[in-house]
Amino acid sequence: MTRRIFNFSAGPAVLPETVLMEARDNLLSLGGTGIGIMEHSHRGKAFLEVYQQTEALCRELAGISDDYAVLFLQGGASTQFFQIPMNYLAKGETADYLVTGAWSEKAVEEAVRFGTVHTACSSKDRNYCYIPTEVKYSAAPKYVHFTSNNTIFGTQWQTEPPAIPSGSFLVCDASSDIYSRPLDVSKYGIIYAGAQKNLGPSGVTLVIIRKDLVEKGPKDLPVMLQYRTHAKNESMYNTPPTFGLYVMKLVFQWIKDQGGLSAMNTRNRDKADKLYRHLDSSKMFRATADQSSRSRMNVTFVTGNEALDKKFIAAAEVAGFDGLKGHRSVGGMRASIYNAFPPEGVDALVNFMKDFEQKGG
Ligand SMILES: Cc1ncc(COP(=O)(O)O)c(C=O)c1O
């Protein structure tokens, strides 16, 4: 039996064990085909079936209507940072960005190459430890972009931002909380997410996009950067990341077997509540995000003493808890507890923290 430890990595992140075992079983031969999953042609019957099931499960889980195209692209969420403004923002036009962390900042950096960016809110004044309650949209933004979960800073929008100006559409970078809770896709123009936290391995980017928008982008862009190319060709204009799509299918099936997005919501709420409850009662550790803005995916915390943080991370590693070091811009610790992270891992961490504290570090 292979030894597995508790992996708190922010991404790529832990995957359900049943998914890994099924993928392992199909590496040498997918079903009875005699050809491994990574070796099948993307144009062949066996892979097309996988692809269709991946899309069908993706749609079923979030109730995605036929008004939306579901695309599986490459280039990560970082490519969407520029592909979206490249398609929907021209010189002289404005898009509104809700700036709640480093990833929102990166999205802005790309958007300003194409048009004007209006910062509708920002929590930079307190190192992004909260989600602003006041949002001031510009008069007629082409679209409004926000990051639903701030992976680095451990904050999360608890609901969608306030109603956006009419004529605009809502764009969400949901990389670190996609399918962690129920999602009303009809409120969005575009939702995008790198797969490597909640949906599968790195290398696939899920883009859920309203079909009228697919047709609106300019036709003189490189074909790979036009959404219509991928919508028309069922994400197979070029060779898709076949293995990633296959694992995504298994992850979607796992989510469905657990009871779907509402079950994910309960599972994630319970895990996060347990960890925050402990942080709130501890005399040694404290959460860094404001209570009202806390993320259920990335729990960031500190002791307030850098040397003690380091000692804790080192001791945790020895005890079999990996990936707890916080991002350098926040310091301290970060426990990433995405969908697949097991509840027992949170229990074990809380017990370890109690023990560490009791022994005075
Ligand atoms: C919220 C968020 N957006 C975007 C990214 C960048 O994603 P990618 O590495 O897929 O480009 C990340 C990666 O951690 C993220 O957490």
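How many residues of domain 1 are in contact with how many residues of domain 2? In this predicted model, 25 residues of domain 1 are in contact with 23 residues of domain 2, where contact requires the C-beta atoms of two residues, placed from the backbone, to lie within 7 Å. Local features need pLDDT of at least 70 and side-chain atom pairs count only at pLDDT 80 or more, while totals for chains, interfaces and linings use all residues. Residues are numbered from 1 along each chain as its sequence is written.

**View 1. The two domains and the side of domain 1 that touches domain 2.** The domain assignment of the protein chain gives domain 1 (18–257) and domain 2 (259–358), with bounds that come from an automatic or database assignment. Their C-alpha centres lie 27 Å apart. On the side of domain 1 that touches domain 2, at least two residues each are supplied by helix H2 (45–62), strand E6 (149–150), strand E7 (155–156) and H7; helices (H or I, at least four residues) and strands (E, at least two) are DSSP runs, numbered from the N terminus.

**View 2. The residues around the ligand.** Around the ligand stand Gly11, Gly76, Ala77, Ser78, Trp103, Thr147, Thr151, Asp173, Ser175, Ser176 and Gly194, a residue being counted if its C-beta atom, placed from the backbone, lies within 6 Å of the molecule. Helix H3 (residues 76–88) gives the largest share of this shell, three residues.

**View 3. Strand E9 and its partners.** Because five of the five residues of strand E9 (residues 190–194) are buried, E9 is largely enclosed by the rest of the structure; buried means that 20 or more other C-beta atoms lie within 10 Å of a residue's own, all placed from the backbone. Ile190, Tyr192 and Gly194 point one way from E9, whereas Ile191 and Ala193 point the other way. Strand E8 (residues 169–173) pairs with E9 in the parallel sense over three bridges, pairing being assigned if DSSP finds at least two bridges between two strands, and Cys172 stands opposite Ile191. With strand E10 (residues 205–210), E9 pairs in the antiparallel sense over five bridges, and there Leu206 is the bridge partner of Ala193.

**View 4. The largest nonpolar core.** This core, a set of buried Ala, Val, Leu, Ile, Met, Phe, Trp, Tyr and Cys residues joined through C-beta atoms within 7 Å, has 99 residues, and those with the most contacts inside it are Leu71, Ala193, Leu206 and Ile209. Helix H7 (residues 242–258) provides the largest share of the core, nine residues.

Terms used
Buried ≥ 20, exposed ≤ 12 C-beta atoms within 10 Å, placed from the backbone.
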